[in-house]
Amino acid sequence: MRHQRADRGAAMVEFALLLPVYLLLVFAILEYGWLMLSQASLGTAARDGCRQGAVVLPWVGSGSDGSIDTAQSVIDARLAELGLSCAQTTCEVTVAIEGDRPDQALTCDITRDYGPIIGLLPTPGQLTTTASTWLEYQR
């Protein structure tokens, strides 16, 4: 009987000692899961923009670079669909054509400030992703 009485508070003490560790683990899973989802979403937006821009001739469009205009508008639309719009935070989208014809590369870069959802763990201040698509013009 005496033995049970001495162990009565042990479970409560163990719970109190392990609860912060468990909570930190759960918060870390949430925070880094959101970080990876955001990074993957930026990569998807850059890849989709480059892919759409690659099928447009560079001299067709609203400006002198139709490929760039198309890629830029697709990236902006994808970011808005994924909930990562540039209107919410500071971000920079850069689309450029590199190289000479017929071997040109359309490069789409996205740099976006990352806002942690919990803020208790170390995370990067910015997320950066790059997608490149080779353009081959047919004659």
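User: What makes up the contacts in the protein with a separation of 6 or more, and how far apart are the residues?

Analyst: In this predicted model, where contact means heavy atoms within 4.5 Å, residues 24 or more positions apart account for 57% of the contacts with a separation of 6 or more. Residues are numbered from 1 along each chain as its sequence is written. Local features need pLDDT of at least 70, side-chain atom pairs count only at pLDDT 80 or more, and totals for chains, interfaces and linings use all residues, while side-chain values use heavy atoms, with hydrogens and water left out.

User: What makes a set of residues the largest nonpolar core here?

Analyst: A nonpolar core is a set of buried Ala, Val, Leu, Ile, Met, Phe, Trp, Tyr and Cys residues joined through side-chain atoms within 4.5 Å, where buried means under 20% relative accessible area with a 1.4 Å probe, protein chains only. The largest such set has 17 residues, and those with the most contacts inside it include I75, L79 and V95. Helix 2 gives the most to this core, with five residues.

User: Why is L18 in helix 2 called the site of a kink?

Analyst: The bend at a residue is the angle between axes fitted to the seven residues ending there and the seven starting there, and at L18, shortly before the proline P20, the kink is about 35 degrees.

How values were computed
Buried means under 20% relative accessible area, exposed over 50%, partly exposed in between (1.4 Å probe, protein chains only). Helices (H or I, at least four residues) and strands (E, at least two) are DSSP runs, numbered from the N terminus.
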